[in-house]
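Please look at this structure with me. My notes on it are set out as numbered points.

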Amino acid sequence: MNRIAQLLSFLEKEPQDAFLHYGLALEYVKEKQTQAARKEFEWLLTQKADYLPTYYQAAAFFSALGEIKTAQAVYLKGIEIAQTKQDAFALRELKAAYESFEMEFL
């Protein structure tokens, strides 16, 4: 069973599990299944907005698609949530990624 099928199987039992949706999004990105990856990232950003790992990967995903305004919004929202949660590691990672993003796209 491939990873996507395995994650989908796990999601049948735990449909609200952010980690499973996140893993599925990353697998879809790896397999170049853009629409499926978008669906997973959008679900995470709306249904599990406090799941911080999403923001780094989702912003990179949207910027790779040329959706610069969306990527910027995702980075900024992730930075805001990391500050609110006082997650120093995530905040540092997101700020560094956003600075690189700014230099390249803004």
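Predicted model: local features only at pLDDT ≥ 70, side-chain atom pairs only at ≥ 80, totals over all residues.

1. Residues are numbered from 1 along each chain as its sequence is written, and side-chain values use heavy atoms, with hydrogens and water left out.

2. Start with Thr54. Thr54 sits in helix H4, residues 53-64 (helices are DSSP runs of H or I, at least four residues, numbered from the N terminus). Its relative accessible area is 0%, so Thr54 is buried (under 20% relative accessible area, with a 1.4 Å probe and protein chains only). Beyond neighbours within four places in sequence, Thr54 contacts Tyr22, Phe41, Leu44 and Leu45 (contact means heavy atoms within 4.5 Å).

3. The structure has seven aromatic pairs (ring centres of Phe, Tyr or Trp, the last by its six-membered ring, within 6.5 Å; planes under 30 degrees apart are stacked, over 60 edge-to-face, the rest tilted). Tyr22 and Tyr51 are edge-to-face, because their ring centres are 5.7 Å apart and their planes lie at 70°. Tyr22 is in helix H2 (residues 18-30) and Tyr51 in the loop between helix H3 (34-47) and H4, so the pair ties together parts 29 residues apart in sequence. Both Tyr22 and Tyr51 are buried.

4. Phe41 and Phe61 form a tilted pair, 5.2 Å centre to centre with 45° between the planes. Phe41 lies in helix H3 and Phe61 in helix H4, so this pair links parts 20 residues apart in sequence. Phe41 is buried at 1% relative accessible area. Phe61 is buried at 8%.

5. Tyr75, Tyr98, Phe101 and Phe105 make up one aromatic cluster.

Notes. Helix = DSSP H or I, 4+ residues; strand = E, 2+ residues; numbered from the N terminus. Buried < 20%, exposed > 50% of the residue type's maximum accessible area, 1.4 Å probe, protein only.
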